[in-house]
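Please read this briefing with the sequence and the structure side by side, taking the topics in the order given.

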Amino acid sequence: MAKRLVPLLNRVLVEKIVPPSKTNSGILFPEKSTKLNSGRVIAVGPGIRDKEGKIIPVTVKEGDTVLLPEYGGTEVRLGDKEYHLFRDDDILGTLHE
Amino acid sequence: MAKRLVPLLNRVLVEKIVPPSKTNSGILFPEKSTKLNSGRVIAVGPGIRDKEGKIIPVTVKEGDTVLLPEYGGTEVRLGDKEYHLFRDDDILGTLHE
Amino acid sequence: MAKRLVPLLNRVLVEKIVPPSKTNSGILFPEKSTKLNSGRVIAVGPGIRDKEGKIIPVTVKEGDTVLLPEYGGTEVRLGDKEYHLFRDDDILGTLHE
Amino acid sequence: MAKRLVPLLNRVLVEKIVPPSKTNSGILFPEKSTKLNSGRVIAVGPGIRDKEGKIIPVTVKEGDTVLLPEYGGTEVRLGDKEYHLFRDDDILGTLHE
Amino acid sequence: MAKRLVPLLNRVLVEKIVPPSKTNSGILFPEKSTKLNSGRVIAVGPGIRDKEGKIIPVTVKEGDTVLLPEYGGTEVRLGDKEYHLFRDDDILGTLHE
Amino acid sequence: MAKRLVPLLNRVLVEKIVPPSKTNSGILFPEKSTKLNSGRVIAVGPGIRDKEGKIIPVTVKEGDTVLLPEYGGTEVRLGDKEYHLFRDDDILGTLHE
Amino acid sequence: MAKRLVPLLNRVLVEKIVPPSKTNSGILFPEKSTKLNSGRVIAVGPGIRDKEGKIIPVTVKEGDTVLLPEYGGTEVRLGDKEYHLFRDDDILGTLHE
């Protein structure tokens, strides 16, 4: 069974981050603050061509933590792990501590 | 938990301004005049590429006060603060005293 | 509270002209002839970029009297004044005595 | 009150021609033959820009008699006269004796 | 009353050919074989501009016999004659004996 | 009556192939295997222009056997023969023994 | 009857892979993990032209194992085998052990 997916064109393979509902000391986070729809970039495609035929590289890279749109993304199961495929221009931004 | 968001492409992170309903001396503003849908620019993306592949920079900058469209914008919570993401070309104009 | 709006891209800020229903000597204009949807240009944006990335300036300028489409336009209140924002290519023409 | 309209972009100001229902000697034209939707060009806009930013002039000129599409056109009253605004590429052709 | 129409852009003026339902010797053609929607080209427009602003001439010429799509075309009466206006790229092909 | 059609632009004239339901020795083919929607190319148009105005030739040629989409195509009767017109980019592929 | 299909433009002929529901030693795979919609590339078209008329080659090649979208694809039977035709830009990625 296939273990690794190399996305095509400007697709990005992301593993969603499930935010902790409690702090380390067990205090519940307010429900609203944990609703950040984010994920870690696992693999990126080569990018798509512009009108002139030049390849436009993807704007995020492996390891980035990204903010995902509320909807969209294609679910992909590789072995027992669940990932999501997004188009580069649907990813909202990169998240930083 | 992520504190900072760097928008991608031509997205703009905005913190909405809640207009005061009263003057400093407590007089109520006429309800219609306080309905200006505005906000402050927190962060901007690098811009998008035109047909020739050149990057078109975003037209607003950090610190600008901007007039927002009545609808649209993606809500984003970072920690306990609420922001909104807009595309650069959906922002109507910059506001000045 | 913001007093001045600088439109972005090819937007045009217009103050609608409410046509007089009577002549100076008080005679009622025929209802049909006063239905001209017009306004005065208050401020214009820098314009939008064409495919080559060059800025295409807006075709009207501050002070022009313009013929507006029957529908469309975004209402904007600045202080106690009401304005409307139109895209440059939605404005039908310039009006002259 | 405004008397003259200069159309913007590739718009064309037309005064519709109401075809005579009778010949000079009073004979009724067959109803079908008088249904030609035509008009006289009063004023034309400067034209629109192509992808390269060059202005493409309008294809008709002041004084032309033109064949109009059955639908479309924006009604414009200037003083007590009624005109219609069409986009250049909606005008079907020029009519000649 | 206008007698001649010069089409604009890439429009083509066509006079529809009503196929004979019988052979010269009076034998009825099978109904299906006479349903060819064809016409003769009366006049053609100058063509439309491509992205570079160059005029692309119309692909058919005056006198051609053409195969017309089943639908579409704008009916135009000039005097007591009925014609149809088609866009060049809606005409299916040229017919030859 | 017209016998020959020269397609315009990137249109392709095809004569559909009705697959034999039995082998030469009379054995019925399984119904599913005979459902190949194919045809023979009779005539092709000159092609269409790209953005630069250059003609892009049609990708199939007279005599090719082609795989046709399940839907689409314009029926054309020439004399007592039935043909179909497809756009070049709707034809799925070429078939080979 | 045709045995071989050469796809046109940027189409890709794929033979779907039916994932084994059990391991070699007969243990049932969890149902969710076997739902990978994948296939093997049998043949690819030459690619499509960009705005400049240059051919953009297809991004996958014969023999690749690819991840297919949940929907779409045209079913094609050649002899007693079933294949599917996809457009190159609908294929999600290439799969690797």
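**Briefing: contacts, strands and charged pairs**

Where chain F meets chain G, 22 residues from chain F and 22 residues from chain G take part in the contact, contact meaning heavy atoms within 4.5 Å. This is a predicted model, in which local features need pLDDT of at least 70 and side-chain atom pairs count only at pLDDT 80 or more, while totals for chains, interfaces and linings use all residues. Residues are numbered from 1 along each chain as its sequence is written, chains are lettered from A and ligands numbered from 1 in the order in which they are written, and side-chain values use heavy atoms, with hydrogens and water left out.

**Chain F and chain G**

- The area buried between chain F and chain G is about 1,900 Å², and carbon and sulfur atoms give 60% of it; buried area is the accessible area (1.4 Å probe) that two parts lose on being put together, summed over both.
- Across this interface the rule finds zero salt bridges, a salt bridge being a side-chain nitrogen of Lys or Arg within 4 Å of a carboxyl oxygen of Asp or Glu.
- Five residue pairs are in polar contact between chain F and chain G, both residues being at pLDDT 80 or more; a polar contact is a pair of N or O atoms within 3.5 Å, where within protein one must be able to donate a hydrogen and the other to accept it, and residues adjacent in sequence count only if both atoms are side-chain atoms.
- Strand 9 (residues 93-96) of chain F provides the largest share of the side of chain F that touches chain G, namely four residues; strands (E, at least two residues) are DSSP runs, numbered from the N terminus.
- That side of chain F has nine nonpolar, five polar and eight charged residues, where Ala, Val, Leu, Ile, Met, Phe, Trp, Tyr, Cys and Pro count as nonpolar, Asp, Glu, Lys and Arg as charged, and the others, Gly among them, as polar.
- Strand 9 of chain F and strand 1 (residues 4-7) of chain G run antiparallel and are joined by four bridges, and two strands pair if DSSP finds at least two bridges between them.
- Within this pairing, Gly93(F) has Pro7(G), in strand 1 of chain G, as its bridge partner.

**Chain G and chain A**

- Here 22 residues of chain G are in contact with 22 residues of chain A, and the two chains bury about 1,900 Å² between them, with 61% of it on carbon and sulfur atoms.
- On the side of chain G that touches chain A, strand 9 (residues 93-96) of chain G gives the most, with four residues.
- Strand 1 (residues 4-7) of chain A and strand 9 of chain G run antiparallel, joined by four bridges, and Leu5(A) has Leu95(G) as its bridge partner.

**Strand pairing inside chain F**

- Strand 2 (residues 11-16) and strand 3 (residues 38-44) of chain F pair in the antiparallel sense over five bridges, with Leu13(F) standing opposite Ala43(F).
- Strand 3 of chain F also runs antiparallel to strand 6 (residues 65-67) of chain F, to which three bridges join it, and the bridge partner of Arg40(F) in strand 6 is Thr65(F).

**Charged side chains**

- Side chains of opposite charge can pair when their charged atoms come close.
- Over all chains, a search of the whole structure finds 35 salt bridges.
- One of them links Lys81(A) with Glu15(A), whose closest N and O atoms are 3.3 Å apart.
- Because Lys81(A) lies in strand 8 (residues 81-87) of chain A and Glu15(A) in strand 2 (residues 11-16) of chain A, this pair ties together parts that are 66 residues apart in sequence.
- Lys81(A) counts as partly exposed, at 38% relative accessibility, where buried means under 20% relative accessible area, exposed over 50% and partly exposed in between (1.4 Å probe, protein chains only).
- Glu82(A) and Arg77(A) meet through their side chains in a salt bridge (3.4 Å, N to O); Glu82(A) is partly exposed, with a relative accessible area of 33%, whereas Arg77(A) is buried, with 18%.
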